[in-house]
Amino acid sequence: MQSANVLLKKIMRSSVLPFAAQHGMKKDLLPLARTLSVSLCLKQDNSCSPSEKLDLDAWKKVMKSGLQEEDSKMVPEREELSAMAAAREILEMWRLAGRLVPENISEEQLKTFMECPSKSAKKKYLKYLHLKELYKKNDKRKMDEKRERKMETQEQASKTDETKRNSFICLWASGMDKAYSWRVAQSMVFGQPLVFDMSYEKDMSVREVANTVRQIVLSEGCNRRSVDPFHIHFCNFKDDSLYHEEFLKHYKEAWGKLLITVTDRCYTDVFPKDKLIYLTADSPKVMKTFDHDKIYIVGSMVDKSIKTGVSLARAKRLGLETAALPLEKYLLWNTGAKNLTLDQMMHILLTLKDTGDWKKALEFVPKRKYCGFVSKPVHELKKTLNLIDMLKLGKRHEEVRKQFAKNYSKKLRQK
Amino acid sequence: VQPPEKPLQAEEWNRLRESFLSPGIFEEVMFKRMVKCNSPIDVAKSLLTHVAKSNGDIPYNFLVKYLALCVQQGQASEIRDVYDIMKTRFKILESGAYNLLVRGLSNSDQWRMALTLLEEIKKIMIPSRSNYESCIKAASRHQEMNLAFELYHEMLAKDLVPTLDVLQAFFDFSRGMKGADLQKELFGILLYLRENQIYPHKTFMRSIKLWFESIPGGNWRGHLTNIKDSGQCPVCSHQLEDSNLTEEEYNNLRERIIRDVIHGTDTYRKTSPQEFEAFQTFVENRFPFDIVIDGLNVSHLKPRKTQCENLFDAVNCLAKENARLLVLGRKHMLMNSSNWKRDIMKEMQNKADFFFAENISEDDAFLLYATLQSGKHCKFVTRDFLRDHKACLSDRLTRHLFRKWQRGHQISVKTKKFFLSVFIQQPALRYDCVVQTTGDTWHIPYKDAFEEKYSYQVPRKWLCIQQK
């Protein structure tokens with residue numbers, strides 16, 4: 001065996017193979033030669049040091065050789081770059097380095113990127129754009145696939161030549177639209193008002209405002225589709241505000257035809273003060289029942305960095321009554337902040353309005369935030385909670401119990 | 001995947017690649033593993049050769065990975081080669097590659113190259129602090145202290161915070177060197193520690209000590225010691241700076257607390273203008289107080305006692321020496337309940353002044369205001385670390401002032417150890433725990449590397465240096 005190896009090694013050294021490899025003649029090698037080289041490698045048994053015939057720095061030659069022609073072209077470009085072009089250049093390098101960077105970036109986005117105050121802000125913004133791009137691409141791919149499938153089925157249908165008979169003309173969408181609009185129009189005359197307080201623009205970042213508007217658009221949608229819609233008011237709405245800009249982005253020309261009341265006046269000017277109730281998670285008062293004669297106010301604010309007491313402060317300043325949803329009374333709270341999104345709020349309020357059933361309404365609280373519903377009185381609940389903690393945490397239970405007692409007394413104190 | 005131990009032929013790489021689950025990312029994963037396993041550089045080269053021959057090009061991220069491997073193994077000439085290739089290939093590089101290049105070259109004998117790279121980075125972005133760190137260390141390792149300090153000042157001017165490692169390097173490498181300028185610069189570093197309330201760790205402290213003792217003709221001697229509660233150094237019997245703020249600092253802090261903590265963006269968030277005004281007149285009519293107590297915080301001291309008994313104990317304990325007390329609470333405490341007995345509350349109100357805030361107001365803000373308004377002698381009692389209020393302060397300097405003031409004026413209560421004793425008063429520190437000097441002495445607090453240090457805890461160990 002050994003002698004065979006030695007022999008093979010000799011063949012390797014003197015053969016044309018390394019020569020061919022060195023000179024990049026890979027494509028010219030005959031298939032025969034390829035199989036030969038594989039079998040040679042296999043038989044080497046790692047006994048010879050491969051560096052003898054493997055030119056380890058060959059890659060450098062390749063990298064350098066390919067450049068000679070390009071180099072001459074690149075030199076004039078090298079001079080002064082504008083700040084924008086430089087930023088674009090850096091982004092490109094980051095993308096090559098495998099960071100989360102979008103492939104295409106618009107001028108406007110590039111400007112926002114350059115205005116980011118810190119490195120981490122830049123990184124975050126790029127990641128956001130990257131993910132956005134990814135989602136968009138995926139959606140597009142799915143749409144294309146869907147279209148293809150549709151085409152296929154249509155083809156098949158045309159082949160079988162099967163005509164459908166139906167007594168209705170297919171006008172579902174527009175018919176439904178009309179019915180909904182009719183209902184909302186009615187609520188504009190007779191419906192219970194619901195106020196969105198649009199005065200938080202300066203408390204939010206641009207992205208938070210965008211999220212807020214998105215959530216309001218969703219709430220408006222679900223209000224429109226409900227059986228008995230609210231009459232939505234946007235109060236303190238300034239015409240040249242960021243809110244307005246974002247709404248126009250979402251609704252486009254439909255913004256003018258929306259069946260809601262938009263005003264730059266404050267709700268205290270529009271409605272009698274004693275009828276207003278400001279809904280805020282920070283309120284010490286807990287809502288017991290939904291009152292059909294009151295006008296509820298929801299603050300149009302997304303606060304990602306949990307700023308406590310902003311909306312409570314506003315209500316305090318105006319001397320309004322406040323209320324919080326009875327989340328703790330009905331739900332075994334698990335994690336997450338108690339402030340809900342605006343569309344969740346809308347779902348909850350609509351359900352309360354229709355049924356008055358808290359359990360049904362609070363179904364709209366995200367499932368991850370609570371463990372389950374509470375049906376027992378509070379002191380029994382405390383016992384179960386202890387039990388859960390004991391099972392969950394074993395030894396630490398004593399500590400947890402104390403914690404709970406502390407929290408609980410705080411809560412009682414506030415009532 | 002385990003990277004191979006020896007360089008492979010193209011065919012072998014192909015075979016490995018085909019046996020890999022997702023061949024599309026084979027090379028990337030392989031390079032990553034090589035960096036992790038610290039494979040021999042030849043293996044990586046053979047893979048690069050394979051890639052170069054089959055694609056005619058090597059993607060940027062492979063080059064960076066290879067560079068990382070070279071840096072890891074200190075292959076200076078390879079690093080230069082890669083840099084040359086990258087430079088011809090790409091117009092600019094990104095921070096990851098620059099970091100590696102600077103780090104790799106600064107550790108080699110071509111460290112001056114790292115400095116030119118630093119200049120190059122400056123053209124397109126702000127270098128990171130680790131870039132500066134590598135360059136400074138390289139410069140000081142080669143005894144070019146002037147250059148190192150130049151870089152250090154440049155770094156500070158860019159608002160980069162130097163690591164303790166860099167600062168330590170300065171002391172390590174200037175040991176035994178002469179020069180008034182150098183000495184001044186190093187004293188400057190000590191003053192930087194003072195201004196930013198940074199405490200060196202044990203090994204850093206040792207470097208400082210050795211440097212002092214090595215100054216030719218300086219006659220410095222260093223001793224490790226603990227400072228007494230009185231604030232006197234047992235070695236040189238020097239009295240440390242006391243923890244009181246200067247008049248200006250004090251007024252500054254008070255104004256900032258009123259502006260940032262109590263009013264903030266909206267006075268209604270923590271209290272209301274009416275209530276705050278009422279509180280202000282209340283304090284003005286009765287101050288100065290000696291001790292301000294956070295009633296609700298103290299009332300939760302011992303869970304077995306009712307809340308008002310706890311508060312009663314505290315008030316009794318503190319009222320002994322004829323001190324003027326102010327207890328802050330909320331209105332719900334006045335309602336007769338199982339936790340708050342009316343008669344006990346009545347009795348307490350004879351011994352101390354009480355102010356009851358609205359139930360939804362924050363009483364901590366009032367606590368700070370009343371204490372600051374009463375003057376420097378006034379202390380306050382709470383177990384709260386007041387971190388959220390510190391966070392409201394807008395700039396770093398004021399936050400430092402706040403911490404210093406808090407250290408000197410907060411009486412915290414230890415419960416666990418002294419569960420049975422009524423109320424143990426932990427003395428507020430009388431001396432200020434920062435690096436300090438009188439010219440011929442230096443006192444430097446340091447922390448044991450293993451000791452956990454919270455931001456509210458200050459080290460108790462000191463390095464005393466004196467000139468004979």
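Two strands are taken to pair if DSSP finds at least two bridges between them. Helices (H or I, at least four residues) and strands (E, at least two) are DSSP runs, numbered from the N terminus. The model is predicted, so local features need pLDDT of at least 70 and side-chain atom pairs count only at pLDDT 80 or more, whereas totals for chains, interfaces and linings use all residues. Residues are numbered from 1 along each chain as its sequence is written, chains are lettered from A and ligands numbered from 1 in the order in which they are written, and side-chain values use heavy atoms, with hydrogens and water left out.

**Stop 1: the E8 strand of chain B**

Select E8(B) together with E9(B); these strands pair in the antiparallel sense over six bridges. Within this pairing, B:Ile444 has B:Leu463 in E9(B) as its bridge partner. E7(B) and E8(B) form a hairpin with three residues between them, and B:Gly439 in the turn has a positive phi of about 105 degrees.

Now colour E8(B) by burial, where buried means under 20% relative accessible area, exposed over 50% and partly exposed in between (1.4 Å probe, protein chains only). Six of the six residues of E8(B) are buried. B:Thr441, B:His443 and B:Pro445 point one way, while B:Trp442, B:Ile444 and B:Tyr446 point the other way. In a regular strand the side chains alternate between the two faces of the sheet.

**Stop 2: helix H12 of chain B**

Select residues 202-214 of chain B, which form helix H12. Its 13 residues reach 18 Å from the first C-alpha to the last, close to the 18 Å expected at 1.5 Å a residue; the expected span is 1.5 Å times one less than the number of residues. Which residues of H12(B) are buried? They are B:Phe204, B:Met205, B:Ser207, B:Ile208, B:Trp211 and B:Phe212. These residues lie on the same side of H12(B) because they cover an arc of only 155 degrees around the axis, the arc being that of the directions from the helix axis to the C-beta atoms. Show what they pack against: helix H10 (164-173), helix H11 (180-195), strand E1 (220-226), strand E8 (441-446) and strand E9 (461-467) of chain B.

**Stop 3: the nonpolar cores**

A nonpolar core is a set of buried Ala, Val, Leu, Ile, Met, Phe, Trp, Tyr and Cys residues joined through side-chain atoms within 4.5 Å. The largest such core has 101 residues, of which A:Trp59, B:Phe170, B:Leu190 and B:Phe212 touch the most other members. Helix H4 (residues 60-73) of chain B supplies the largest share of this core, 10 residues.

Centre the view on B:Phe170. Not counting residues up to four places away in sequence, B:Phe170 is in contact (heavy atoms within 4.5 Å) with B:Ile136, B:Met145, B:Ala148, B:Phe149, B:Tyr152, B:Leu186 and B:Ile189. A second, separate core of 58 residues includes A:Tyr251, A:Val298, A:Ala315 and A:Trp333.

**Stop 4: the sheet of chain A**

Select the open sheet of six strands in chain A, which has the order E3-E2-E1-E5-E4-E6 and parallel pairing. Its edge strands, E3 (261-262) and E6 (321-323), each pair on one side only. Strand E4 (residues 276-279) and strand E5 (residues 295-299) of chain A pair in the parallel sense over four bridges, and A:Leu279 stands opposite A:Val298.

Move to A:Leu194 in strand E1 (residues 193-197) of chain A. A:Leu194 is buried, with a relative accessible area of 1%. Beyond its neighbours within four places in sequence, its contacts include A:Phe230, A:Ile232, A:Tyr296, A:Val298 and A:Leu349.

**Stop 5: the domains**

Finally, colour by domain, with bounds that come from an automatic or database domain assignment. Chain A is divided into domain 1 (87-159) and domain 2 (191-372), whose C-alpha centres lie 32 Å apart. Chain B has domain 1 (1-91), domain 2 (162-242 + 433-467) and domain 3 (247-427). The C-alpha centres of domain 2 and domain 3 of chain B lie 36 Å apart, and eight residues of domain 2 of chain B are in contact with six residues of domain 3 of chain B.
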